[in-house]
Amino acid sequence: MLELKNINFSYNRNSFVLKNLNAAFLPGKVYAILGASGCGKTTLLSILGGLDIPDEGSVLLNGRPINEKELPDYRRKEVAFIFQNFNLIDYLTAEENLNLISTLDALPVLEKVGIDKKLAKQNALKLSGGQQQRVAVARALISDASVLLADEPTGNLDVANADAVTKLLVNYAHNLEDKCVIIVTHSADVANQADVVLKLEGGILK
Ligand SMILES: Nc1ncnc2c1ncn2[C@@H]1O[C@H](COP(=O)(O)OP(=O)(O)OP(=O)(O)O)[C@@H](O)[C@H]1O
C-alpha cells in the first residue's frame with residue numbers, strides 16, 4: 001500500500017499546491033485523479049513517485065516512510081511513470097527504450113499497444129505523439145513496477161487507442177493483484193473504468 005500522510009508542498013513558499021493531503025492507494029486497484037488544470041495533479045504524481053520531496057509529511061510504502069536515501073531505489077524498483085511528455089530517449093528505437101527497462105522481449109508488449117515490429121524499430125523521435133505515448137505505456141507495462149503512475153496517458157490518442165490503453169492499464173492492476181495504477185486524467189472514459197475516482201481540489205484529494 002502506498003500512503004501519503006499530511007503532505008504539504010509548494011514550489012515557492014507563498015502558495016502551497018498540496019495542503020495537508022492524506023491518501024491511501026491499495027494494490028490491485030486503479031485510481032483516477034481528476035481536477036482543474038493547474039490544481040497540482042502532476043505535482044502529486046511526482047511526490048508519489050519520489051521525484052519531488054514534500055516540504056512536510058511522508059510517503060509510506062507498506063506502512064514504512066521512504067526516507068531520502070531510499071528514494072533512488074524506490075524510483076528504480078517500485079515505480080513506473082507514464083509522463084505527460086513521454087520522456088522516451090529520442091535517439092533510441094521504441095524497442096530499445098523498453099530494453100533499457102527490462103530483459104523481457106519488448107516486441108509483444110509493444111504489439112499490445114498497437115506498435116508493430118516496423119514501428120518498434122524506428123527511432124522514438126520519428127514516431128507521432130500518439131505512437132510515442134503508446135511506447136511510453138508499453139515501457140511502464142514491461143517494468144513490473146508495483147506502482148504505475150500515469151499522467152494523461154490517453155491525452156494524445158484517438159478513441160480506439162485510448163480505450164485499448166485504458167484497458168491495458170486496468171488489467172495491469174486487476175490481473176496482477178499486487179499492482180496499483182494511479183492515472184491523472186481529464187477523460188470521463190478513463191475515470192469510468194477506474195475503481196476509485198478522486199478529485200484534487202484546494203490542495204487535497206476528495
Ligand atoms: N517547476 C515548477 N515551478 C514553479 N511552479 C510550478 C512548477 N510546476 C508546476 N508549478 C505550478 O504548480 C501548480 C500545479 O501544477 P501541476 O503541473 O501539478 O498541475 P496539474 O493539475 O497537473 O495541471 P494540468 O492539468 O494543466 O497538467 C500550477 O499552478 C503550476 O503553475
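The expected span of a helix is 1.5 Å times one less than its number of residues. Keep that rule in mind for helix H6 below. The model you are looking at is predicted.

**The chain as a whole**

- A compact globule of 206 residues would have a radius of gyration near 17 Å, and the protein chain agrees because its own value is 17 Å.
- Along the principal axes, the C-alpha atoms of the protein chain fill a box of roughly 50 × 35 × 35 Å.
- Of the 206 residues in the protein chain, 40% are buried.
- Take the contacts between residues at least 6 apart in sequence: 70% of them join residues at least 24 apart.
- The UniProt annotation, from an unreviewed entry, reads "domain: ABC transporter" and covers residues 2–206.
- That span, residues 2–206, is 34% helix and 28% strand, and its end C-alpha atoms lie 17 Å apart.

**Helix H1**

- H1 is largely enclosed by the rest of the structure, because six of its eight residues are buried.
- Those buried residues are Lys-41, Thr-43, Leu-44, Leu-45, Ile-47 and Leu-48.
- Just after H1 you will find Gly-50, with a positive phi of about 75 degrees.

**Helix H6**

- Helix H6 (residues 129–143) has 15 residues, so at 1.5 Å a residue it should span 21 Å; its end C-alpha atoms are 21 Å apart, which agrees.
- H6 is largely enclosed by the rest of the structure, because 12 of its 15 residues are buried.
- Among the buried residues of H6 are Gln-131, Arg-134, Val-135, Arg-139 and Leu-141.
- What covers the buried residues of H6? The cover includes strand E6, helices H3, H4 (106–112), H5 (117–120) and H7 (159–175), and strand E7 (147–151).

- Asp-144 sits in the loop between H6 and E7.
- Asp-144 counts as partly exposed because 15 other C-beta atoms lie within 10 Å.
- The phi of Asp-144 is near 70 degrees, a positive value in a residue other than glycine. As background, most residues other than glycine have a negative phi.
- Is Val-147 buried or exposed? Val-147 counts as buried, because it has 21 C-beta neighbours inside 10 Å and the cut-off for buried is 20 or more.
- Leaving aside residues up to four places away in sequence, Val-147 touches Leu-2, Glu-78, Val-79, Cys-180 and Ile-182.
- Val-147 and Ala-80 are 67 residues apart along the chain, and their C-alpha atoms are separated by 6.4 Å.
- Glu-152 lies in the loop between E7 and H7, and it has a positive phi of about 50 degrees although it is not a glycine.
- Glu-152 is buried because 20 other C-beta atoms lie within 10 Å, and 20 or more is what the cut-off asks for.

**Tyr-91, out in a loop**

- Look for Tyr-91 in the loop between strand E6 (79–82) and helix H3 (94–99).
- Tyr-91 counts as exposed because it has 9 C-beta neighbours inside 10 Å, and the cut-off for exposed is 12 or fewer.
- Not counting residues up to four places away in sequence, Tyr-91 touches Asn-123 and Leu-125.

Methods:
Residues are numbered from 1 along each chain as its sequence is written. This is a predicted model: local features need pLDDT of at least 70, side-chain atom pairs count only at pLDDT 80 or more; totals for chains, interfaces and linings use all residues. The radius of gyration is taken over C-alpha atoms; the globule rule is 2.2 Å times the number of residues to the power 0.38. Two residues are in contact if their C-beta atoms, placed from the backbone, lie within 7 Å. UniProt positions are given in the numbering used here, feature names are shortened, and annotations may be inferred rather than shown by experiment. Helices (H or I, at least four residues) and strands (E, at least two) are DSSP runs, numbered from the N terminus.
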